[in-house]
Amino acid sequence: MAGLSLQGVKKRFGHTEVITGVDLSIADGEFVVFVGPSGCGKSTLLRMIAGLETVSDGRIEIGGRDVTNADPAKRGIAMVFQTYALYPHMSVAANMGFPLEMAGLPQPEIDAKVAEAAKILHLEPFLKRKPRELSGGQRQRVAIGRAIVRKPDVFLFDEPLSNLDAELRVQMRIEIARLHQQLKSTMIYVTHDQVEAMTLASRIVVLKAGRIEQVGAPLDLYENPDNMFVAGFIGSPRMNFVPVTVVSQGDGFAVVAAAEVGLREVSVAVRGEPPVVGTRGVLGVRPEHFASGGDACFEGTVSVVERLGGLTYVHASLSDKSALTVESRDPRGFDLGTTRRFAFDPRRAFLFDGTGQRL
Amino acid sequence: MKRTLPQSLALYAGLAVIVLLIGLPFWWVMSGSIKLPREIISRVPTMVPQSFTLQHFEKLLQSTDFPAYLVNSLLVALFSTVFTIALALPTAYAFFRMKFPGRAALYRLILVAYAFPTVVVLIPIYGLFARFGLIDTRASLVIVNIAFALPFSIWMMRSFLASVPRDIEEAAIVDGAPPRVILLRIMAPLIAPGIASVAIFTFIASWTEYLFASVLIVSDARRTIPVGFAGIIGQYQIDWGLLLAGATLATIPVVILFAFVGRWFVTGLTEGAVK
């Protein structure tokens, strides 16, 4: 087992820079999730760590060893692919034993290690089968098995659950979490699903356009996002953003208002220097931080109501055309087309400046 | 989509025409080989043999050099096929996966091999082989067959290689497999239908090759079936029974080949690998 560090890592395809300088250090045994929208470079970054993509600039170290130009097989990594990438003509046992065979281990030792991994992943009854005779979840477990037999320093997962149906995805997510607790290895996991990121990660790395937007524990990112991108990406449904104007300020807070959407003066905490009066900004409020009562509220027209049973999501449109999503535990009282007030807890609201940076 | 009755009828009628068109000559040859000579040349041809004899086969195997031709043809075709596959597979993989200067240009250039009529290259090849002492050897035919089958085989195998998901190869790279192992243990089994196609193409091309076999082989004992056969057709008379029996026997290895490699023509070989 080992930690990992990326120093000024860049990737160019021709003249296009897809990874624009990433610095990151990952401690031994950490479960780090790379998350971001499609095309943000998260998979490319993972493939660079795996050695499947060359590094245009910078340095990659695994366990203190420079592996920037090392062969994938010599990096002490194992990778689980989105498409499983099993060898279709080999049995489950042969698939899992293949990396050990390549490492030159004697057959009895291979058999023992495969049996051990099969036990961890509940694959014992399937060892003689071919991949096509397995279900999607079982195939993914074989792919994970092929990774764990090698006892790698670092596990790399490239969107491993995105080919599974919703129910299986939840199940496999729990299995991967259990596996991490059991093996205590360093794991790097790429996904575009922020629920997977929140539930699995000890630390989340949010990427956008080849750049790290923020790194932190899941709840840190949720409770303390650095910018609108992270605030919008972490949390589901996504945070509401409403343009506001700063009307007054004090030490550690700013008072904002947006009369056209029914928001009267409300005081919001800011992290650094309070913004000057008159500044245009954006107020971020999560759907789950709406509650009845209180002075801070928006006025909107109910357009769609999604009743999930325990929770209800109300979609409303404000008079300035911005959309609002509100979570409510009470499904009653949201009639379509009616205009009403949606009160929220201003202590949980965030203020961003015109460039999207958190104030 | 469900077919209506007229559509089904039209479909089966069309199939019947195609079957007749392809099957009739075969039937004619095979049924003719067991007819008595007078029935073969009778004025009113018979579709169903009215007589039965194995005299043509007996004569073919006992009083002609046909068995030797058969062995020569088998040797030439088998060696041509095996070497073509052994050369085409790594070449195709190199063109497919390795990066080297001039790759694209070279890849297109190999097809230029087909730009010249074979007759044009016959004389230089004869001169070349004469210098190396290869005239009147079966090896010379093997070399020629490989040279003509290889460009097409490389193209064909490359497209089969391209159909294997990249992830499988990358998984093997991460697992520590060197390129040779990836090609032989991972890729080759997955493109078995492609290898089978190349095998059949090369085997049949070698089996039926006439021009080079007629020029490069001098002695009767080294002739292959197509050339040896030509000798059966005499200047003044043709022994039809002998010819038909020879033609029947000549198709047997090809039929066996299809039966043997046909099972590799299965689709969905990579099923279960990804998704």
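## Helices α8 and α9 of chain B

In this predicted model, the axes of helix α8 (residues 166-174) and helix α9 (residues 179-190) of chain B come within 11 Å and cross at roughly 160 degrees. Because angles over 145 degrees count as roughly antiparallel, α8(B) is roughly antiparallel to α9(B). The crossing of α8(B) and α9(B) is right-handed.

On the α8(B) side, the contact is made by B:I168, B:E169, B:A172 and B:I173. On the α9(B) side, B:I182, B:I186, B:M187 and B:L190 take part. Sorted by class, the contact of α8(B) with α9(B) has 7 nonpolar residues, 1 charged residue and no polar ones.

## Helices α12 and α13 of chain B

Helix α12 (residues 225-232) and helix α13 (residues 240-261) of chain B pack at an angle of about 170 degrees, and their axes are 10 Å apart. The pair α12(B) and α13(B) is therefore roughly antiparallel.

From α12(B), the residues B:I225, B:F229 and B:I232 meet B:L242, B:L243, B:G246, B:A247 and B:A250 of α13(B). The contact of α12(B) with α13(B) has 7 nonpolar residues, 1 polar residue and no charged ones.

## Helices α4 and α7 of chain B

The axes of helix α4 (residues 66-97) and helix α7 (residues 138-162) of chain B come within 6 Å, with a crossing angle of roughly 40 degrees. That angle makes α4(B) oblique to α7(B). The crossing of α4(B) and α7(B) is right-handed. By class, the contact of α4(B) with α7(B) comprises 21 nonpolar, 6 polar and 2 charged residues.

## Transmembrane annotation of chain B

An unreviewed UniProt entry lists residues 9-28, 69-93, 105-129, 141-161, 182-204 and 240-266 of chain B under "transmembrane region".

Two of these spans can be described from the model. Residues 141-161 of chain B are 100% helix and 0% strand, and the end C-alpha atoms of the span lie 29 Å apart. Residues 105-129 of chain B are 68% helix and 0% strand, and the end C-alpha atoms of that span lie 29 Å apart.

## The four-stranded sheet of chain A

In chain A, 4 strands form an open sheet in the order β2-β1-β4-β5, with antiparallel pairing. The edge strands are β2 (16-26) and β5 (65-66) of chain A, each of which pairs on one side only. Helix α1 (residues 42-50) of chain A packs on the sheet and touches β1 (4-13), β2 and β4 of chain A. The direction of α1(A) makes about 115 degrees with that of β1(A).

Strands β1(A) and β2(A) run antiparallel and are joined by 8 bridges. Within this pair, A:L6 stands opposite A:L24 in β2(A). The hairpin of β1(A) and β2(A) has 2 residues between the strands, and A:G14 in this hairpin takes a positive phi near 65 degrees.

## The five-stranded sheet of chain A

Another open sheet of chain A has 5 strands in the order β13-β12-β11-β14-β19, with antiparallel pairing. Strands β13 (263-269) and β19 (350-352) of chain A stand at the edges with a single partner strand each, so one side of each has no neighbour in the sheet. Neighbouring strands of this sheet are turned by 45 degrees against each other on average, direction ignored.

Inside the sheet, β11(A) and strand β12 (residues 253-258) of chain A run antiparallel and are joined by 5 bridges. A:S248 has A:V255 in β12(A) as its bridge partner.

## Backbone exceptions in chain A

Most residues other than glycine have a negative phi, and most peptide bonds are trans.

A:P237 is found in the loop between α8 (228-233) and β11 (240-250) of chain A.

Terms used: Residues numbered from 1 in each chain as written. Chains lettered and ligands numbered in written order. Predicted model: local features only at pLDDT ≥ 70, side-chain atom pairs only at ≥ 80, totals over all residues. Heavy atoms only, no water. UniProt positions renumbered as here; feature names shortened; annotations may be inferred. Axes fitted to C-alpha atoms, helices over the stretch in contact; angles between N-to-C directions. Parallel < 35°, antiparallel > 145°, perpendicular 65-115°, else oblique. Left-handed = near helix turned anticlockwise from the far one by under 90°. Nonpolar A, V, L, I, M, F, W, Y, C, P; charged D, E, K, R; others polar. Pairing = 2+ DSSP bridges. Contact = heavy atoms within 4.5 Å.
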